Amino acid sequence: MPIYNAPLKKVDQKETRRYAGLAIADFDENFIIDACDEIVYSATPRGIWNMYNYDNIHGIVLADKDFQITGSKILNHLSHCQKVIIMAVTIGEVIEKSIEMAFNNGTYSHGLLLDAAATTAVEQIADALEKNIDPKANALGYKRIWRFSPGYGDWSITCQPQILKLANAEKIGIHCTSSMMLTPRKSVTAIIGLVPQTDPFSPEKPSCQNCSQKNCPSRKVTNKNF
């Protein structure tokens, strides 16, 4: 049950702009910088993970109470894995109160940017936790494939209680509601597949470049001015 207390020194402004749907719109850059800075000061990043053996024939995480994975995309994603990491990260509750206060005070733009910066921050913490796992996985003879979260593709979010339990996420204060929403809201859970280093399997990570939704407001754009 390794706990990862990740530092958050900076929030990516470009990603914040994208999550806010401002990839094309003109927007005062200073507002984005202010929102990112506020998240750095307010966030309490924490992460936790556990490693389990994985039955890739039957799609079962082998734990004290086995966890059956359902969904063709996630099963295909893990089809070459012999072990998996179940992980959870959060940036805490304080920032949620700041976001709520901004909207309640009518400062909607600031609330929007805070929310986008918080989303960026929790994704950064998840990325950092993944990299932190690499040395341990490599030492065991495995390589990491990209993380896959409940709710993505055809993997139902109804598995959240099991994911939280397998990650021991309650140790860092993450829970889920009856509607399977995570609390604190700016939290992420995921499964990371570990493939033997000798196996060439390397699934392509979804990206804006290979997505068919060309008009998505969160689509990453190439803009040398930003």
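The buried residues of helix 4 pack against helix 2 and helix 5. Buried means under 20% relative accessible area, exposed means over 50%, and partly exposed is in between (1.4 Å probe, protein chains only). Helices (H or I, at least four residues) and strands (E, at least two) are DSSP runs, numbered from the N terminus. This is a predicted model, in which local features need pLDDT of at least 70, side-chain atom pairs count only at pLDDT 80 or more, and totals for chains, interfaces and linings use all residues. Residues are numbered from 1 along each chain as its sequence is written, and side-chain values use heavy atoms, with hydrogens and water left out.

**Overview**

- The protein chain holds six helices and nine strands.
- Of its 226 residues, 45% count as buried.
- The accessible surface of the protein chain is about 12,000 Å², and 52% of that belongs to carbon and sulfur atoms. Accessible areas come from the Shrake-Rupley method with a 1.4 Å probe; for residues, only the protein chains shown count as cover.
- Take the contacts in the protein chain with a separation of 6 or more: residues 24 or more positions apart account for 74% of them. Contact means heavy atoms within 4.5 Å.

**Helix 4**

- Ile95, Ser98, Ile99 and Ala102 are the buried residues of helix 4. They lie on the same side of helix 4, because they cover an arc of only 100° around the axis. The arc is that of the directions from the helix axis to the C-beta atoms.
- An α-helix has 3.6 residues a turn, so residues three or four places apart point the same way.
- The face turned away from the buried side of helix 4 carries exposed Lys97, Glu100, Met101 and Asn104.

**Nonpolar cores**

- A nonpolar core is a set of buried Ala, Val, Leu, Ile, Met, Phe, Trp, Tyr and Cys residues joined through side-chain atoms within 4.5 Å.
- The largest nonpolar core has 35 residues, and Ile39, Met87, Val89 and Ile91 touch the most other members. Two or more residues each come from helix 2 (29-42), strand 5 (83-90), helix 4 (94-104), helix 5 (108-139) and strand 9 (187-196). Helix 5 gives the most, with 12 residues.
- Another core lies apart from it, with 29 residues, among them Cys159, Ile172, Ile191 and Val195.
- Beyond its neighbours within four places in sequence, isoleucine 39 contacts Leu8, Val11, Ile95, Leu114, Ala117, Ala118 and Ala121.

**Cysteines**

- The model has zero disulfides, a disulfide being a pair of cysteine sulfur atoms within 2.5 Å.
- Cysteine 159 is buried, at 6% relative accessibility. The closest cysteine sulfur to its own is in cysteine 176, 9.6 Å away, so the two are too far apart for a bond.
- Cysteine 36 is also buried, at 1% relative accessibility.

**Serine 187**

- Serine 187 lies in strand 9 and is buried, at 10% relative accessibility.
- Its side chain makes a polar contact with the side chain of threonine 90 (2.9 Å). The side chain of serine 187 also reaches the backbone oxygen of proline 184 at 2.7 Å. A polar contact is a pair of N or O atoms within 3.5 Å; within protein, one must be able to donate a hydrogen and the other to accept it, and residues adjacent in sequence count only if both atoms are side-chain atoms.

**Lysine 10**

- Lysine 10 sits in the loop between strand 1 (3-4) and helix 1 (13-19). Lysine 10 is exposed, with a relative accessible area of 59%.
- Not counting residues up to four places away in sequence, lysine 10 touches Val40 and Gln124.
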